[in-house]
Amino acid sequence: YLSSHFHAPVIMSWFNVALIFSRIQSLLNKTKGTILIGGKTDPKTLFIEPTVVANVNPDDSLMSEEVY
């Protein structure tokens, strides 16, 4: 269900499982690509900003597995 207190971009990028948050945060920290926008994380709320990364090589950390 969607609460009226949240906006769609927040719901799409909020992770309620710390393990998933840590995995994605690690992938972002390891990337050799260029973060154009977003990328900030908040471990207290398990929030990751919607992020756009450019110049990502096929062997980059972000390409090693699917990121949701």
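Let me start with the core. The largest nonpolar core has seven residues. They are F21, I24, L27, L28, L46, I48 and L62. Where does the largest share of this core come from? Helix 2, residues 18-30, supplies four residues, the largest share. As a general point, nonpolar side chains in soluble globular proteins tend to be buried together.

One caution before I go on. This is a predicted model.

Now the overall layout. The protein chain has two helices and four strands. Along the sequence, the pattern reads α-α-β-β-β-β. So much for the order of elements.

How much of the chain is buried? Of its 68 residues, 21% count as buried. The accessible surface of the protein chain comes to about 5300 Å². Carbon and sulfur atoms account for 61% of that surface.

Next, contacts along the chain.

Where does S61 lie? It sits in the segment after strand 4, which spans 52-54. Is S61 buried or exposed? S61 has a relative accessible area of 15%. The cut-off for buried is under 20%, so S61 counts as buried.

Which residues does S61 touch, leaving aside its neighbours within four places in sequence? S61 is in contact with L27, K30 and T31. Look at L27 in that list. L27 is also one of the seven core residues. K30 falls within helix 2, residues 18-30.

That is the tour. Find S61 on the structure, then L27.

How values were computed: Residues are numbered from 1 along each chain as its sequence is written. This is a predicted model: local features need pLDDT of at least 70, side-chain atom pairs count only at pLDDT 80 or more; totals for chains, interfaces and linings use all residues. Side-chain values use heavy atoms; hydrogens and water are left out. Buried means under 20% relative accessible area, exposed over 50%, partly exposed in between (1.4 Å probe, protein chains only). Contact means heavy atoms within 4.5 Å. A nonpolar core is a set of buried Ala, Val, Leu, Ile, Met, Phe, Trp, Tyr and Cys residues joined through side-chain atoms within 4.5 Å. Accessible areas come from the Shrake-Rupley method with a 1.4 Å probe; for residues, only the protein chains shown count as cover.
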